[in-house]
Amino acid sequence: MELLSLHDISYAYHNLKGETPALSHISFSVSQGEFLAIVGPSGCGKSTLLSMIAGLLLPEEGDLFYKGKYITDCGTGAVMKVGYMLQRDHLFEWRTIYRNVILGLELNHSLTGENLDYVSKLLKDYDLYAFKDKKPSELSGGMRQRAALIRTMAIHPDLFLLDEPFSALDSQTRLNVSADIAQIIRSTDKTAILITHDLSEAITLADRVLVLSRRPARVKCEMPIRFAVDRSDPLRIRSTAEYQLYFNQLWEVLTNEQADAPKG
Ligand code: ADP
């Protein structure tokens with residue numbers, strides 16, 4: 001089932017110095033349970049696109065649909081619950097892990113018994129229950145990212161928006177944590193859009209990769225990603241022939257894009 005679709009979306013930032021076009025005639029859709037990765041040159045408009053899907057920005061042209069309903073006028077936030085994960089985990093050091101992961105529920109005034117049971121289950125399932133009374137600084141980078149994911153999951157989002165959530169981790173941790181988090185999202189049949197500048201990460205984690213052009217972003221190419229082997233082992237995925245093929249094809253699109261850029 002189609003969850004979200006964007007039709008011919010364009011957007012420009014306006015300030016006293018003039019206008020910065022960021023998105024140009026973007027169209028794509030995301031199915032329920034799909035994991036979509038978006039890659040593109042730095043500064044091309046990826047975060048702008050995510051903000052628009054989150055309902056934080058309204059398109060200047062084009063329409064967004066959620067489950068077939070027209071949502072452009074009211075922003076996605078009005079009809080769709082979005083869970084955002086950012087580069088930094090934004091855990092508060094003055095709160096324990098437990099009090100951090102219930103923060104979204106607290107802000108939404110939805111600290112019900114059912115929701116708190118769900119949080120406890122998530123903490124147990126993802127091996128953080130024994131650490132629930134610790135402070136964020138007492139946890140490893142990977143554990144902190146899992147705590148940030150639980151905080152996001154606690155509010156039962158319809159859609160996860162992941163804006164470079166692994167880039168603050170060292171490369172070894174990043175490989176395992178990203179696979180872990182993708183697996184958790186996949187196993188709960190949640191829908192996710194991941195923004196990353198790391199092509200390997202996009203191919204390893206996503207069901208489909210969308211490549212954006214340099215600014216203003218247009219959709220350069222969409223590539224479905226399928227592997228015969230289990231997705232949970234990132235090293236195994238990266239040693240397959242399919243991975244190499246996807247990487248080469250997408251790399252070519254991205255490097256052509258950079259070569260097309262005007263000089264100076
Ligand atoms: P990406 O996430 O791909 O790095 P962004 O979506 O953050 O790119 O930004 C796209 C372009 O829009 C960049 O050139 C950036 O400088 C510009 N931009 C982003 N936010 C603003 C803003 N609030 N005002 C003006 N220009 C902005």
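Ala, Val, Leu, Ile, Met, Phe, Trp, Tyr, Cys and Pro count here as nonpolar, Asp, Glu, Lys and Arg as charged, and the others, Gly among them, as polar. The model is predicted: local features need pLDDT of at least 70, side-chain atom pairs count only at pLDDT 80 or more, and totals for chains, interfaces and linings use all residues. Residues are numbered from 1 along each chain as its sequence is written, and side-chain values use heavy atoms, with hydrogens and water left out.

The lining of the largest pocket comprises nine nonpolar, five polar and three charged residues. A pocket is an open set of points on a 1 Å grid over the protein atoms alone, where a 1.4 Å probe fits, with protein on both sides within 12 Å along at least five of seven lines; lining residues have an atom within 4 Å of a point. The space in this pocket is about 330 Å³. Tyr84, Gly104, Ala148, Arg151 and Thr152 lie nearest its centre, among 17 lining residues. Strand E6 (82–85), helix H3 (103–107) and helix H5 (141–153) each give at least two residues to the lining. Helices (H or I, at least four residues) and strands (E, at least two) are DSSP runs, numbered from the N terminus.

Helix H1 (residues 46–53) is mostly covered, with seven of its eight residues buried. Buried means under 20% relative accessible area (1.4 Å probe, protein chains only). Gly55 follows H1 and has a positive phi, near 85 degrees.

Glu34 sits in the loop between strand E2 (18–31) and strand E3 (35–39). Glu34 is buried, at a relative accessible area of 11%. Beyond its neighbours within four places in sequence, Glu34 is in contact (heavy atoms within 4.5 Å) with Ser29, Lys190, Thr191, Ala192, Asp207 and Arg208.

Key:
Grid points are joined across faces, edges and corners, and a volume is the space filled by probe spheres set on the points. Buried means under 20% relative accessible area, exposed over 50%, partly exposed in between (1.4 Å probe, protein chains only).
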